[in-house]
Amino acid sequence: MQQQRDLVEVSRQQVESEREALAYEHRVREETSLPRLTPSAAGGSFRGDGESTYSFSITNYGHAATGVMADLSLPDQALHRVVDLPLLETGASQRVSFNIQGPLQGADARLWLRCTDGLGRPQSVLYSVERVDDSPHAVLLVT
């Protein structure tokens with residue numbers, strides 16, 4: 001009787017171990033399928049007629065992303081599509097520039113990045129965009 005209980009316990013432990021291994025493999029597969037779209041500042045300029053131009057780059061440090069879109073919401077203005085790519089490979093970057101009247105004020109701008117990951121799931125992240133300092137030539141801080 002004790003031997004049978006021991007066999008049942010060993011079988012239960014084996015099943016539990018296999019379940020944990022499958023869960024771990026599933027988590028790893030999900031994590032490695034995720035793109036990591038990272039925006040970074042690339043400079044700014046100001047013209048005498050009052051127009052400011054700001055630039056930043058979006059780099060993918062993760063899995064290749066499909067259906068990559070970036071929308072920029074500026075204070076008191078509509079949403080602007082600044083990126084629309086069918087694919088952004090691992091390690092690839094896309095430079096983005098936009099023009100506005102006057103320097104960007106405060107942290108009222110938002111950058112919304114959307115894409116599809118390696119498992120076909122939609123992904124999105126929202127960033128705040130602001131100038132680093134009060135100079136019209138300041139670079140942007142995207143957080």
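Entry 1, terms and model. I took helices (H or I, at least four residues) and strands (E, at least two) as DSSP runs, numbered from the N terminus. The model is a predicted one, in which local features need pLDDT of at least 70 and side-chain atom pairs count only at pLDDT 80 or more, while totals for chains, interfaces and linings use all residues. Residues are numbered from 1 along each chain as its sequence is written, and side-chain values use heavy atoms, with hydrogens and water left out.

Entry 2, the open sheet. I looked up the strand order and found that three strands form an open sheet in the order β1-β2-β5, with antiparallel pairing; two strands count as paired if DSSP finds at least two bridges between them. The edge strands are β1 (37–46) and β5 (93–101), each of which pairs on one side only. With direction ignored, neighbouring strands of this sheet are turned by 20° against each other on average, where axes are lines fitted to C-alpha atoms and angles run from 0 to 180 degrees between N-to-C directions.

I checked F56 against V142, 86 residues away along the chain, and the C-alpha atoms of the two are separated by 8.8 Å.

I next turned to D71, which lies in strand β3 (residues 65–73) and is buried, with a relative accessible area of 3%. The side chain of D71 has a polar contact of 2.6 Å with the side chain of R81 and another, of 2.8 Å, with the side chain of R114. D71 and R81 also form a salt bridge, their closest N and O atoms being 2.6 Å apart; I used the term for a side-chain nitrogen of Lys or Arg within 4 Å of a carboxyl oxygen of Asp or Glu. This pair links distant parts of the chain, D71 in β3 and R81 in strand β4 (residues 79–88), ten residues apart. In contrast to the buried D71, R81 counts as partly exposed, at 42% relative accessibility. I recorded, finally, that D71, R81, D84 and R114 are linked in a network of salt bridges.

My search of the whole structure finds seven salt bridges. One of them joins R121 to E30, with the closest N and O atoms 3.5 Å apart, and this pair, too, links distant parts of the chain: R121 is in the loop between β6 and β7 (122–131), E30 is in helix α1 (residues 2–32), and they are 91 residues apart. R121 is partly exposed at 26% relative accessibility, and E30 is partly exposed at 27%. R121 also meets the side chain of D117 in a salt bridge (2.7 Å, N to O), and D117 counts as buried, at 4% relative accessibility.

I looked up which residues form a nonpolar patch on the surface. L79, W112 and L126 do, and together they have about 310 Å² of accessible area, a value from the Shrake-Rupley method with a 1.4 Å probe, where for residues only the protein chains shown count as cover. Patches are made of residues with over 30% relative accessible area and no salt bridge, like charges being joined within 9 Å and nonpolar side chains (Val, Leu, Ile, Met, Phe, Trp, Tyr) within 5 Å. W112 is found in strand β6 (residues 109–116) and is partly exposed, with a relative accessible area of 34%.

Terms used:
Buried means under 20% relative accessible area, exposed over 50%, partly exposed in between (1.4 Å probe, protein chains only). A polar contact is a pair of N or O atoms within 3.5 Å; within protein, one must be able to donate a hydrogen and the other to accept it, and residues adjacent in sequence count only if both atoms are side-chain atoms.
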